[in-house]
Amino acid sequence: MRQLKTKAEVLNTTTWWGLGTSMALAASLSYSQLFLASLAVVSVILIATFAAKGKREPALRIYMSLALAVVLIRLAFRIVFNTANPTEATLLSLPQVSLTIFGQTTNYFGAVSIQSLHDGLTDGLRLAAIILGIAMANSVANPRKLLRSTPSALYEVATAAAVAINLAPQLLVSLQRVRKARALRGTATSLRNLGGLLIPVLEDSIQRSLDLAASMDSRGFGRRGVMNRRTAAISRTASLLGVVGLAIAGYLLLATGVAAWITVLLFVLSLGLFYTSIRLSAIHSIRTRLSVEKRSWADYLVLVFCAAVVVAMAANQLPGLGTSGWLK
Amino acid sequence: MISIRDLTFSFSDGESPVLRRLNLDFASGEFALICGPTGSGKSTLLRALNGLIPHHSSGLLSGEVFIDGIQYAGKQPHEVAHLIGFVNQQPEGAFVTDTVLEELAYGMEQLGIAEPVMRERIEKFADLFGLTDLLDSNLDSLSGGQQQRVAIAAALIAGQQILLLDEPTSALDVESAHQLLLLLKELSRSQGITVLLAEHRIERVLDLVDSVTVVHGDGSASKAVTSDGLDAVLRNYKMVPPVIELAQKLAWQPIPLNVASAKSSWEKKPGTISPKPAAKPGERLLSAQSITVKYGMTKAVSDASFELHAGSISALVGPNGSGKSSLLWALQGSLEFSGQVLLSGGETPANYSAQARLKHLALVPQNASDLLVLGSIAQELEDSDAFADAPQGTTAEIFRRLAGRLDPSRHPRDLSSGQQLALVLSIQLAKGASIIVLDEPTRGLDYEAKRKLAAQLTELKSQGKCILIASHDVEFVAVVADDVMLLRNGEIAAKGTASYVLPTLSDHAPQVWQVTRAAMTVGEVEP
């Protein structure tokens, strides 16, 4: 067996990202608190086990506090922007405040039902599980590595992704630096100067992300072989339509009242477009590899399992297809 | 090799061009220095050559760039990637991968070089650049000098014949910078690589390069080969390194480009030296006893003891990683250390709250602009007064004395690095601290800005402030510092007056000292 340099190398980079996005997808499709909570816990365990040593503690601290904050904010919303439903059991009776702004009356506080808090908790857990799923992939497998294996058909998308993906970790680095510097001025971080804190942080992070994109371009990223104009145009249009199609299909999946077969058809069509675009540019790709990160049986096992869970849950969402209600 | 014809660039329509109808030629294997004040268009010129301008910034580019007779201006960077390698100021921000091996391979992978060829090249380049033992290392575990070597190797490994470098030594200490420049010289001489180096710190570069191109900042540029005609080009260029300043002052002909030839000029036509009067140290404001800073098991600073006095400027010098910054942050009190720091009243800064500390000691960090948070200079100044409980206009007055009158409605981010530094310095001074600590204040400043900073620090000194700077800019230290502490591996290897410590740096001693063996700065020499 190959010598593993890091624990994360048991799986391929793409597998980690596949796992992370599947967990996020599954979370966005689930209403079960138990399932969502276990997704979150699994992500945390994976980070704790597989993330590189120096990265582990900060990643856990930041992403876990973010997840917790999301849950708490969701619950707080349910209490503040309350719509009391007399049919539900009341847990907490707060004085109701009605405010009329621009002729519109909104009620704040009032009786808070168990059901309302329960729904709030589910919403919060779902977001937390999504955040932790992506955070897991991000901290275990380097996003830049993922980017290296992006097909050249997705050049424009990939450059944008390079900028975006690099932004989050860079934000953390810049934030730490700027906060340390700001402490020198003796100014406490209050809401008033939050903008002042964000501007240098954002400026710095965005600049660094753009530098990365410039560097990749200077090194030849995005170069392709001779491809005639027509093929290039077809390839580009196909990938663009694919993205739009996927976005619409994703929306349809969550929306109600659209026949299931339309959603499924759109999914299949979009994936087909993507595949065409990638195949087309693969013919003209000139890129070579020094060492290919090989996929093992474990990778395929994880990916197949992920795909199965996501497909099953998506099917469950579609009216007329899933009736079993498992995982719901 | 490279022919630039009528190259014009402006950031937007109607704005005066940064580069105006430039015509320049660079021969194959030429080692060319491109210098000019900050913002004069050095980077713009380099970026226009490899397509980063206009493709990674907005602006209008016209004119032609021929490489071996083929027109490339306006092409995308990846379309010229096989011809031109580009190396940035901060390599760590430009690395695309995690390890040295992957980084070396990246460019070749994009250009479609076959795997066996890649392996062969990597072996050859690792050998050439001294990276063989580092191939499996993570890029972020390397020193600044090593990172720059990786960046250069990666920029040339696919067979590129042109290397563009944008201030590659700005983050390096003197020794690493010197090694890097020698490497570049070697690449141009023995490998025939055309090297275009943009730098504003040129004292150690001039005698290595074949030509000097001065970008004037008004859109024009003039070029001269170093063996002939350099005098004329540099005469109009006010920002020259100490050796040349000395030569101009003593009217040496021709202008010597390195210390060795300056020495012989000195023998033929010496000047008279009137040494700077020794500073009379004022009251002791801080005493540090056996400061030790540890990061886990590694000692960043060990057993450092010294005193700082009112009305004096002290400098911490030493290579990167020798513990300069750690020592400063320990003094300031936000880094844990063992040992003792006592202020004149017998208190310890670390025991104060961050706010109370500022009444005694203020630190200006490397990225000074991080401290600027508001939308205009006026707001920053007012905020600072309010925060310091000082009468209105206090900070504004300090700032005016340091930086002159500036339009108060300007956004701090639009100021030059030197002006930003002055603004931060004013804010940090507003609370009345008597000890000012600056970490690498000259980083990113050109000669003019450095001269202003030196004047500002001297002004503060005459007001009785106690100033400590950490810097690897020996020439700057020679100009401002009364006392110098040399740090090596976290220990104070030498301390004393500047004229006592700086000569011990031998090859890295101030150039004027190397020439005259007595004076530290041009100011001490008269014809």
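Chain A is built from 10 helices and 2 strands. Helices here (H or I, at least four residues) and strands (E, at least two) are DSSP runs, numbered from the N terminus. Going along the sequence, chain A runs α-α-α-β-β-α-α-α-α-α-α-α.

Some ground rules before going on. This is a predicted model, where local features need pLDDT of at least 70, side-chain atom pairs count only at pLDDT 80 or more, and totals for chains, interfaces and linings use all residues. Residues are numbered from 1 along each chain as its sequence is written, while chains are lettered from A and ligands numbered from 1 in the order in which they are written.

## Chain A

How many of the 328 residues of chain A count as buried? The share is 34%. A residue is buried if 20 or more other C-beta atoms lie within 10 Å of its own, exposed if 12 or fewer, and partly exposed in between, with C-beta atoms placed from the backbone. Two residues are in contact if their C-beta atoms, again placed from the backbone, lie within 7 Å. Of the contacts in chain A with a separation of 6 or more, 77% link residues 24 or more positions apart.

Chain A has a mean pLDDT of 80, with 83% of its residues at 70 or more. Within chain A, confidence is highest in helix α2 (residues 33–50), at 94, and lowest in α5(A), at a mean of 70. Residues 322–328 of chain A have a pLDDT below 50, and this stretch has 12 contacts in the model beyond near neighbours in sequence.

## Where the chains touch

The contact between the chains takes 34 residues from chain A and 39 residues from chain B. On the chain A side, the elements that give two or more residues are α5 (143–148), α6 (155–184) and α7 (194–218). Top of the list is α7(A), which gives the most, with 11 residues. By class, the side of chain A that touches chain B has 12 nonpolar, 10 polar and 12 charged residues. For these classes, Ala, Val, Leu, Ile, Met, Phe, Trp, Tyr, Cys and Pro count as nonpolar, Asp, Glu, Lys and Arg as charged, and the others, Gly among them, as polar.

## A sheet in chain B

Over in chain B, 6 strands form an open sheet in the order β6-β7-β8-β3-β9-β10, with mixed pairing. Two strands pair if DSSP finds at least two bridges between them. Which are the edge strands? They are β6 (84–87) and β10 (221–225) of chain B, each pairing on one side only. From one strand to the next, the twist averages 15°. Strand β9 (residues 211–215) of chain B pairs with β10(B) in the antiparallel sense over 5 bridges, and T213(B) stands opposite K223(B) in β10(B).

Angles run from 0 to 180 degrees between N-to-C directions, and axes are lines fitted to C-alpha atoms, for helices over the stretch in contact.

| Helix of chain B | Lies across | Angle |
|---|---|---|
| α6 (residues 144–156) | β6 and β7 (162–166) | about 160° to β6(B) |
| α7 (residues 174–190) | β3 (31–35), β7 and β8 (194–198) | about 150° to β8(B) |

## A helix pair in chain B

Two packed helices are described by the angle between their axes and the distance between the axes. For helix α14 (residues 394–403) and helix α15 (residues 417–429) of chain B, the axes come within 9 Å and cross at roughly 145°. Residues making the contact include F399(B) and L402(B) of α14(B), and L423(B) and I427(B) of α15(B). By class, the contact of α14(B) with α15(B) has 9 nonpolar, 3 polar and no charged residues.

The peptide bond from I53(B) to P54(B) is cis, with omega near 5°, and P54(B) lies in helix α2 (residues 52–55) of chain B. Another cis peptide bond joins Q253(B) and P254(B), with omega about -10°. P254(B) sits in the loop between α9 (242–249) and α10 (259–268) of chain B.

D68(B) is not a glycine, yet has a positive phi of about 50°. Its place is the loop between β4 (60–67) and β5 (70–71) of chain B. Is D68(B) buried or exposed? D68(B) is exposed, because 12 other C-beta atoms lie within 10 Å.

Definitions and conventions. pLDDT is the predictor's confidence in each residue, from 0 to 100.
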